[in-house]
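Student: Hi! Could you walk me through this model with me asking as we go?
Tutor: Happy to, let's open it up.

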Amino acid sequence: MASEERSMNANMLSQERCAEIFDRVRRAAPDLDLEVTLAGGHSALTRWANNGITQNVREEGCEVSVRAQMGGRTARATTNLLDDDGLRDVVRRAEALARVQEEDEDLLPMLAAAEAGESAVLERFDDATAVLGAGERASQVDAMVQVARREGLNSAGAYSNGAQFEAIFNSRGVARWHQESFAEASVTMQGDDSSGWQKRNYTRAAEVDARAMAEIAAEKARRSARPIEVPPGKYTVILEPSAVADLLGFLAADFSGLALLEQRSCLHGRLGARLFGENITIVDDCAAAGQTGAAFDGEGQARQPLTLVERGTVKDVAMARATAARMAKSEWAGKLKTQPTGHGLSLPNESGEAAVNIVFQVAEGAAKSVEEMVAATGRGLLVTRLWYIREVDAYEKMLTGMTRDGTFLVENGRVTAGVRNLRFNQSVLKLLQSVLDLGRPGRACGEESFNMVAPAMRAEGFQFTEVTRF
Amino acid sequence: MKQVAEWALEAAVAAGASHGEARVVHERQRGLGTRNGRVSSAADSESLGVGIRVLCRGGWGFAATQRLSREGVEECARLAVEIARASARVQPHPVELLPEPPVVAEWSSPCQIDPFTVPVEECLDLLRRVDLELRAVAGVTLSETSMSFRRYEQWFYNTEGAAIRQTFITTGAGCAAHAFEGDSIQTRSYPNSFGGQYQNKGYELVRELHLVENANRVARECVALLKAPQCPEGRRDLVLDSSQLGLQIHESIGHPIELDRVLGYEANFAGTSFLTLDKLHTLRYGSDLVNVVADARPGHGPGLGTYAFDDEGVAAQCVPIITRGIFEGYLSSRDTAAVIGRERSGGHLRAEGWARVPIVRMSNVSLLPGEDELSFEDLISSTGDGIYMETNRSWSIDDKRYNFQFGCEAAWEIKGGKLGRLLRNPSYSGITTEFWNAMDAVCDRREWTLWGTPNCGKGQPEQGMGTGHGAAPARFRQIKIGGAYGE
């Protein structure tokens with residue numbers, strides 16, 4: 001057996017092995033209500049710059065997290081020491097942290113199996129991807145470096161793969177387990193005064209076409225050479241899927257019931273009427289093609305599909321069990337569904353829940369290609385990716401950030417030049433009111449948010465406020 | 001732990017490594033928090049493992065495991081060597097390490113009160129009292145408090161004979177009030193945003209912060225911001241408080257001086273740097289008043305970037321970064337310093353934990369206080385007209401670290417040398433070197449605070465790291481204000 005494979009077997013715990021650890025934890029405190037979360041696996045990453053590998057790493061591990069509950073008190077302790085002493089100690093620490101708290105009358109009992117719902121089994125594990133070794137990663141990197149050398153460019157990037165599992169068990173019969181593999185590549189091609197970038201992430205390494213990614217990044221670097229400076233102002237923009245995903249990720253946290261209750265969601269005071277353009281429909285669906293993750297939440301509740309936005313109007317928000325219970329007694333009762341949606345975070349937590357399986361929906365036949373969007377634009381900017389996005393205004397949902405690695409001027413339906421990078425200050429709410437065209441949604445990943453199924457987007461009136469020096 | 005390291009290093013050498021390092025780390029953390037009076041966080045975690053870094057045929061390999069049996073450790077070491085061999089396949093130049101005498105040493109960060117010995121009841125009781133003070137102000141719609149402790153113990157060994165044990169105790173605490181009304185969500189935090197203040201200290205830090213005594217004030221400021229006028233747009237003289245200035249230093253000095261960025265190693269993720277090698281000793285980074293050091297030595301203070309040795313066994317140093325406005329130094333490691341022909345590493349290689357490879361990181365990158373006596377009151381009274389901004393709200397900078405934009409939680413007008421009206425949604429922006437050249441006053445040591453940034457993200461896979469930034473309030477002439485909200 002190869003070392004990669006042996007190591008994987010030591011850290012990718014089967015459902016049976018997880019159940020056995022849960023039993024050992026329970027024996028340490030048979031009278032306590034306990035919830036045990038297990039997570040682990042391995043991941044490896046090969047990183048290169050200046051057309052050579054500079055860093056090559058691999059990590060493996062597995063941890064057990066125990067939540068103890070006694071009435072209205074709960075706390076969590078986590079360890080990666082899985083022997084009997086380690087498990088006894090982690091239970092003791094969780095219990096000790098919980099025992100000294102004041103009672104919280106609103107704390108719900110642990111989820112019972114009967115109310116947890118049916119959870120789909122999602123097949124997201126590929127053996128070949130999980131055991132892909134350093135030699136194969138080096139070959140993928142070499143393929144991308146060869147493109148750079150051929151084009152006279154300087155490349156940098158990363159290729160990673162691995163496998164992870166997660167499981168949750170509790171004293172009231174909940175027992176869930178999930179495993180998945182991943183392969184991810186990103187590449188930056190740099191010229192003297194320009195650059196281009198691509199990133200992909202899949203369950204199966206076979207889907208990562210490293211050479212094709214390198215060719216696209218190299219083409220962007222070539223086409224953006226000798227960039228011109230355009231003045232700040234409002235532009236029609238064509239945002240490639242990575243840029244769209246990175247912007248929309250900042251909006252996802254607002255689709256949280258607890259955020260509404262705590263008056264920190266930008267949706268507060270904006271429900272009921274149409275908020276976005278009629279061409280905007282967004283769902284949350286963990287089982288959708290192109291999505292990742294388990295079909296259960298941090299308490300073991302089955303994840304349910306949610307229609308977050310339908311033709312521009314907000315329909316649902318995510319709700320953990322506790323949020324749903326509070327919602328039912330709030331001003332929102334009758335206006336929003338008040339059932340748990342299976343999006344709760346591990347307890348105790350500060351944020352309640354999160355919609356993290358975002359899927360943008362675009363009617364078949366309505367989707368436009370990036371080329372068609374360019375052709376439809378009189379004057380605008382084509383944006384490959386965005387960088388260092390931060391929230392400037394929580395209620396207007398105004399974000400700032402920079403363009404990076406391939407920003408182009410579009411004139412009269414054609415890309416005419418690369419441009420120096422610009423800073424934007426743009427409300428995401430206004431952006432989604434100003435969408436002219438959408439592309440075909442696909443699995444998109446940037447570096448500022450989480451992966452989602454997002455399209456390219458053409459929108460008008462995107463606000464750029466400054467230009468940088470390159 | 002020595003046994004674990006010996007298994008690792010012997011197996012690595014037997015597999016063909018020309019250099020090997022083993023870092024065994026035992027880490028314990030506790031996080032406590034409240035939100036609107038309820039406990040929102042009560043968590044304790046423990047982790048133990050080993051990270052093994054090797055050179056083989058001039059290529060780097062790193063592997064980490066929590067299986068600390070002889071079989072698990074040796075297998076991990078062999079994997080690290082196998083990975084290094086793969087690196088060497090796609091590598092134009094073999095890695096060179098600058099020589100470093102092996103050290104045998106032990107060091108612990110100073111700590112008066114071990115925070116893990118403080119009863120949890122006492123910690124939660126304090127947080128509840130702070131939370132109550134925040135909510136006592138009408139108009140506050142959400143109150144938050146938090147406290148976090150970390151004990152990080154590391155045993156470092158390498159094939160050159162180094163054996164270094166270091167123990168760090170880190171404490172953090174803070175609170176925040178939020179208020180929503182009409183079309184505005186406002187926040188005020190104390191003593192800093194995003195969790196408060198963090199230092200390599202024990203529970204004594206929590207007591208020094210006087211959270212209860214300050215909670216009511218920040219809550220009142222938060223509610224007042226709802227009715228405050230919008231910060232104007234235009235060019236103004238700008239005074240920054242020391243916490244915001246700490247983040248300004250972090251983003252516009254600390255990151256661009258990282259030598260791995262300069263050499264292009266971060267080009268695909270964190271970015272590169274405008275500080276190309278030709279700018280060393282020649283670039284006027286700032287005005288004559290700008291003196292910046294990267295000082296990891298314990299004498300600099302209990303910063304999150306204070307240590308006795310970095311994570312490849314190089315002793316902590318004070319590296320001059322900007323001296324009287326001139327750019328003088330980079331943050332480096334044994335391999336990056338070799339690339340630019342230095343004689344020794346600057347001692348800035350650090351890892352998040354046992355599972356991550358060490359990379360070039362900031363230590364305490366600090367703006368030295370002014371040499372002339374200048375209190376905060378003196379600074380304001382000598383300003384005439386301008387804007388004073390406090391506490392970070394948002395931060396963004398381009399991938400070469402030229403163009404930045406920061407938002408703050410609150411600002412006050414300065415009129416005739418006095419603080420005036422409260423202003424909401426303040427922001428400022430600029431180009432790094434233009435900004436630092438516009439600095440014409442900095443307060444003296446009495447106003448200087450060593451702030452902790454506990455969550456600096458860098459690297460792939462991404463690593464979080466604590467860094468320190470000392471600063472005193474300072475003034476910058478004719479800075480662009482309010483661009484974030486401009487048309």
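Student: Where does Lys234(A) lie?
Tutor: Lys234(A) lies in strand S7 of chain A; helices (H or I, at least four residues) and strands (E, at least two) are DSSP runs, numbered from the N terminus. This is a predicted model, where local features need pLDDT of at least 70 and side-chain atom pairs count only at pLDDT 80 or more, while totals for chains, interfaces and linings use all residues. Residues are numbered from 1 along each chain as its sequence is written, and chains are lettered from A and ligands numbered from 1 in the order in which they are written.

Student: What does Lys234(A) touch, leaving out residues up to four places away in sequence?
Tutor: Lys234(A) touches Gly461(A), Phe462(A) and Gln463(A). Contact here means that the C-beta atoms, placed from the backbone, lie within 7 Å.

Student: And how many residues apart in sequence are Lys234(A) and Glu460(A)?
Tutor: They are 226 residues apart in sequence, and their C-alpha atoms are 7.8 Å apart in space.

Student: Why does Lys234(A) count as partly exposed?
Tutor: Because Lys234(A) has 13 C-beta neighbours inside 10 Å. A residue is buried if 20 or more other C-beta atoms lie within 10 Å of its own, exposed if 12 or fewer, and partly exposed in between, with C-beta atoms placed from the backbone.

Student: Is Arg226(A) buried or exposed? And what about Lys397(A), buried or exposed?
Tutor: Arg226(A) is exposed, because 10 other C-beta atoms lie within 10 Å. Lys397(A) has 22 C-beta neighbours inside 10 Å, so this residue counts as buried.

Student: Which residues does a cis peptide bond join, with omega about -5°?
Tutor: One such bond joins Tyr190(B) and Pro191(B), and Pro191(B) sits in the loop between strand S7 (184-190) and strand S8 (197-199) of chain B. Another joins Gln460(B) and Pro461(B), with omega again about -5°; Pro461(B) is in the loop between strand S21 (449-458) and strand S22 (463-471) of chain B.

Student: Now the interface. How many residues of chain A are in contact with chain B?
Tutor: 76 residues of chain A are in contact with 73 residues of chain B. Strand S2 (residues 52-70) of chain A gives the largest share of chain A's side, ten residues.

Student: Last one: what is the order of the four-strand open sheet in chain B?
Tutor: The order is S12-S11-S10-S15, with antiparallel pairing. Strand S12 (326-327) and strand S15 (365-367) of chain B are the edge strands, each pairing on one side only. Strand S11 (residues 318-323) of chain B pairs with S12(B) over two bridges, and Thr323(B) has Ile326(B) as its bridge partner in S12(B).

How values were computed:
Pairing = 2+ DSSP bridges. Contact = placed C-beta atoms within 7 Å.
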